[in-house]
Amino acid sequence: MNAPALSPWSLPALRQRWQPRLPGLLLVGLVAAASLYLAELPWLQAHGLSALTVAIVAGIVVGNTVYPRLAPASAAGVGFSKHWLLRAGIVLYGLRLTFQDIGHVGVAGVLMDVLVVASTFGLACWLGVRVFKMEREAAMLIGAGSAICGAAAVMAAEPVVRGRAAQVTVAVSTVVVFGTLAMFLYPALYALVQSHGWLAMDARQYGLFTGATVHELAQVVAAGRAVGESAADTAVITKMVRVMLLAPFLIALSLWLARGGKAAADGGKARIVVPWFAFGFVAVAGINSLHLLPAGVQAGLVQLDTVLLAMAMAALGLTTHVSALRQAGLKPLLLASILFAWLLFGGLAIHQGVLAVLG
């Protein structure tokens with residue numbers, strides 16, 4: 001007689017499922033914890049380097065030194081972190097947003113965000129594939145990171161475009177490089193423009209422009225505060241509305257790839273990759289908009305979200321080899337530099353055009 005099947009929620013079944021993952025989860029957790037601690041250092045905060053950025057850099061360092069010896073025992077937990085913890089982190093990311101944010105920036109702020117996201121991603125796909133002859137997945141990941149919300153957007157787009165770990169890491173790296181550059185360049189250019197009277201732009205308008213075009217939230221905060229608290233507040237709200245576009249962007253991208261892209265390229269039947277976590281992201285943002293959660297609970301969940309995303313970034317870094325980054329060559333950097341120029345100058349044109357029409 002065959003032995004009765006174990007219930008999936010029985011203690012033996014749970015032990016069988018989770019025991020192989022524990023070493024990897026512990027390793028990823030240690031790297032993430034160290035990254036969270038380092039991200040609190042004043043120098044890193046002043047330079048807009050978030051815990052996610054520190055986590056992927058730390059992961060790459062460990063991944064190219066001691067991790068190969070630990071990989072046989074740790075691979076299951078590291079893979080779990082890259083897949084499931086990432087999705088849980090994206091869902092909880094909605095706790096940073098409310099639908100009321102849209103009202104704070106008005107129609108002009110929302111339209112700027114939509115135009116910047118659509119134009120930047122479209123330009124990335126066209127330049128990356130047609131001009132630089134890059135793999136489409138790599139171009140899309142760089143485009144998503146530049147267009148929406150940096151590393152979080154890259155990680156969220158990866159399951160939809162089915163990019164490789166090395167492509168994800170290259171895309172995140174471009175966000176770090178050009179987002180950091182923007183953090184210093186934007187305030188300097190604003191001061192220069194103000195001193196010469198070249199452009200009529202007050203602190204609020206600067207905040208709209210910064211939030212609509214700078215890559216990472218931490219970089220937006222730093223660039224905004226360099227001008228003033230009013231600019232920083234407007235920049236953060238505009239950025240949060242831009243982050244809110246992540247869910248419809250992922251759904252539209254999945255539909256586009258299924259209808260005309262991935263399936264045709266693979267010679268197969270159209271397959272829609274439903275980014276369920278995008279719906280979860282919107283649902284959580286909706287719950288947050290109703291202010292149903294006590295402030296302490298909401299703050300604790302936001303901290304948990306940061307931990308989950310840091311663990312996912314650390315796992316990505318652990319599985320990325322420096323040789324893969326070298327093989328990517330200069331094309332990703334050139335693409336990201338052009339996108340950065342577009343965000344700066346094209347974004348400014350969008351900003352001025354929208355304000356001229358809507359005020």
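# Helices and salt bridges in a predicted model

Trainee: Which word describes how H9 lies to H11?

Mentor: Angles under 35 degrees count as roughly parallel. The axes of H9 and H11 cross at roughly 10 degrees. That makes H9, relative to H11, roughly parallel.

Trainee: Is the crossing of H9 and H11 left-handed or right-handed, and which residues of H11 make the contact?

Mentor: The crossing of H9 and H11 is right-handed. On the H9 side, the contact is made by Val175, Val176, Gly179, Thr180, Met183 and Pro187. On the H11 side, look for Gln219, Ala222 and Ala223.

Trainee: How many charged residues are in the contact of H9 with H11?

Mentor: Let's sort them by class. The contact of H9 with H11 has six nonpolar residues and three polar ones. For charged residues, the count is no charged at all.

Trainee: Which helices do the buried residues of H11 pack against?

Mentor: Start with who is buried in H11: Gln219, Val220, Ala222, Ala223 and Gly224. Those buried residues pack against H9, H10 and H12.

Trainee: Is His215 buried or exposed?

Mentor: His215 lies in the loop between helix H10 (203–213) and H11. Leaving out residues up to four places away in sequence, His215 touches a list of residues that includes Val175, Phe178, Gly179, Arg242 and Phe340. Its relative accessibility is 2%, and the cut-off for buried is under 20%. So His215 counts as buried.

Trainee: Now helices H2 and H4. Is H2 roughly parallel or oblique to H4?

Mentor: H2 covers residues 22–39 and H4 covers residues 51–63. Their axes come within 8 Å and cross at roughly 130 degrees. That makes H2, relative to H4, oblique.

Trainee: How many nonpolar residues does the contact of H2 with H4 have?

Mentor: From H2 we get Val31, Ser35, Leu36, Leu38 and Ala39. They meet Ala51, Val54, Ala55, Ala58, Gly59 and Val62 in H4. By class, this contact has no charged residues, two polar ones, and the nonpolar count is nine.

Trainee: Let's do salt bridges. Which residue meets Arg96 in a salt bridge?

Mentor: By the rule used here, the count comes to two salt bridges. In one of them, the N to O distance is 2.8 Å. The side chain that Arg96 meets there belongs to Asp305.

Trainee: How many residues apart in sequence are the parts that Arg96 and Asp305 tie together?

Mentor: Arg96 lies in the loop between helix H5 (67–92) and helix H6 (100–131). Asp305 lies in helix H15, residues 295–318. So the pair ties together parts that are apart in sequence by 209 residues.

Trainee: Which residue pairs with Arg164 in a salt bridge?

Mentor: Arg164 sits in the loop between helix H8 (151–161) and H9. Its partner is 29 residues apart, in the loop between H6 and helix H7 (136–149). The side chains meet at 3.0 Å, N to O, and the partner is Glu135.

Trainee: Are Arg164 and Glu135 buried or partly exposed?

Mentor: Check each one. Arg164 has 46% relative accessibility, so Arg164 counts as partly exposed. Glu135 has 42%, so Glu135 also counts as partly exposed.

Trainee: Gln167 is in helix H9. Which residues is Gln167 in contact with, leaving aside its neighbours within four places in sequence?

Mentor: Gln167 has 7% relative accessibility, so Gln167 counts as buried. Leaving those neighbours aside, its contacts are Glu135, Glu137, Ala138 and Leu141.

Trainee: How many of the eleven residues of H8 are buried?

Mentor: The buried residues of H8 include Ala151, Val154, Met155 and Pro159. Just after H8, Arg162 takes a positive phi of about 60 degrees. H8 is mostly covered, and its buried count is ten.

Definitions and conventions. Residues are numbered from 1 along each chain as its sequence is written. This is a predicted model: local features need pLDDT of at least 70, side-chain atom pairs count only at pLDDT 80 or more; totals for chains, interfaces and linings use all residues. Side-chain values use heavy atoms; hydrogens and water are left out. Axes are lines fitted to C-alpha atoms, for helices over the stretch in contact, and angles run from 0 to 180 degrees between N-to-C directions. Helices (H or I, at least four residues) and strands (E, at least two) are DSSP runs, numbered from the N terminus. Angles under 35 degrees count as roughly parallel, over 145 as roughly antiparallel, 65 to 115 as roughly perpendicular and the rest as oblique. A crossing is left-handed if the near helix is turned anticlockwise from the far one by less than a right angle, and right-handed if clockwise. Contact means heavy atoms within 4.5 Å. Ala, Val, Leu, Ile, Met, Phe, Trp, Tyr, Cys and Pro count as nonpolar, Asp, Glu, Lys and Arg as charged, and the others, Gly among them, as polar. A salt bridge is a side-chain nitrogen of Lys or Arg within 4 Å of a carboxyl oxygen of Asp or Glu. Buried means under 20% relative accessible area, exposed over 50%, partly exposed in between (1.4 Å probe, protein chains only).
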